[in-house]
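I opened the model to look up a few positions. My notes follow.

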Amino acid sequence: MSSLMAFSSREEIEAAQLEKLRSLISKILPKNRFYRQKFGADFQVDSLAEFSRDAPFTFKTEIVEDQKKHPLYGSNLTYDLACYSRFNQTSGTTGSPLRWLDTNESWSALLHCWNEVFTAADVSTHATIFFAFSFGPFLGFWTAFESATRRGNLCIPGGGLSSEGRLRAIWDNQASVVCCTPTYAIRLGETAQKMDLPDSPVRTIIVAGEAGGSIPGVRGRIESLWPGAHVFDHH
């Protein structure tokens with residue numbers, strides 16, 4: 001059950017959000033040089049509306065530039081470096097890669113987010129899930145994979161395999177769920193049509209990392225290539 005179901009009104013939801021936001025800011029400002037300079041050491045939040053009106057936006061380019069000025073990880077760190085246990089970075093297709101560190105606590109929150117997606121997609125903890133990703137330093141599929149293992153799913157990594165190799169692994173292991181990007185779901189489906197494969201075991205395709213999974217035409221194309229499967233888009 002989603003934690004959102006515990007609230008009976010919009011007012012209760014907003015009160016809880018405000019409490020969490022205040023707690024977050026109280027943790028960040030004393031030690032995080034990036035946000036202390038950006039917000040000011042005495043920044044207060046009286047309401048969500050006030051925060052939306054007064055808090056400055058943070059753009060990716062700001063954090064990238066901050067990491068150049070303060071290598072390796074920038075001044076946007078709230079804890080000592082020894083407290084961080086996870087490293088990821090962006091692809092760098094639009095410039096320098098953005099490095100990102102997570103603590104065990106923040107990583108666990110990301111895993112919870114993916115668990116909500118699996119639950120919304122009605123993925124049983126007994127399902128076998130295939131992850132058609134490269135397993136490089138990009139964030140997305142790591143959290144998906146680890147969240148699924150924490151749920152108890154049998155998880156099959158597809159890093160380092162060709163599209164044909166991934167399809168054979170899906171069929172050989174009778175994976176009923178596939179996680180990938182929308183464009184790669186189409187690529188895999190088109191490749192599967194060229195191979196001599198029996199009926200697909202896949203019943204659920206969860207897509208993320210690109211726009212498309214919530215566009216009817218794209219979703220319809222994916223489902224036409226994967227007969228019997230339904231597409232769910234990560235929020």
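N32 came first: N32 is buried, at a relative accessible area of 1%. I take buried as under 20% relative accessible area, exposed as over 50% and partly exposed as in between, with a 1.4 Å probe and protein chains only.

This is a predicted model, in which local features need pLDDT of at least 70 and side-chain atom pairs count only at pLDDT 80 or more, while totals for chains, interfaces and linings use all residues. Residues are numbered from 1 along each chain as its sequence is written, and side-chain values use heavy atoms, with hydrogens and water left out.

I placed N32 in the loop that runs between α1 (10-28) and α2 (33-39). Helices (H or I, at least four residues) and strands (E, at least two) are DSSP runs, numbered from the N terminus.

What does N32 touch, leaving out residues up to four places away in sequence? I found S75, N76, L77 and T78; contact here means heavy atoms within 4.5 Å. With T78, the N32 side chain makes a side-chain to side-chain polar contact at 3.1 Å. A polar contact is a pair of N or O atoms within 3.5 Å; within protein, one must be able to donate a hydrogen and the other to accept it, and residues adjacent in sequence count only if both atoms are side-chain atoms.

Next I looked up D80, in the loop between α4 (60-69) and β1 (84-89). D80 is exposed, with 58% relative accessible area. From D80 to G217 I noted 47 Å, C-alpha to C-alpha, across 137 residues of sequence.

A49 is exposed at 55% relative accessible area.
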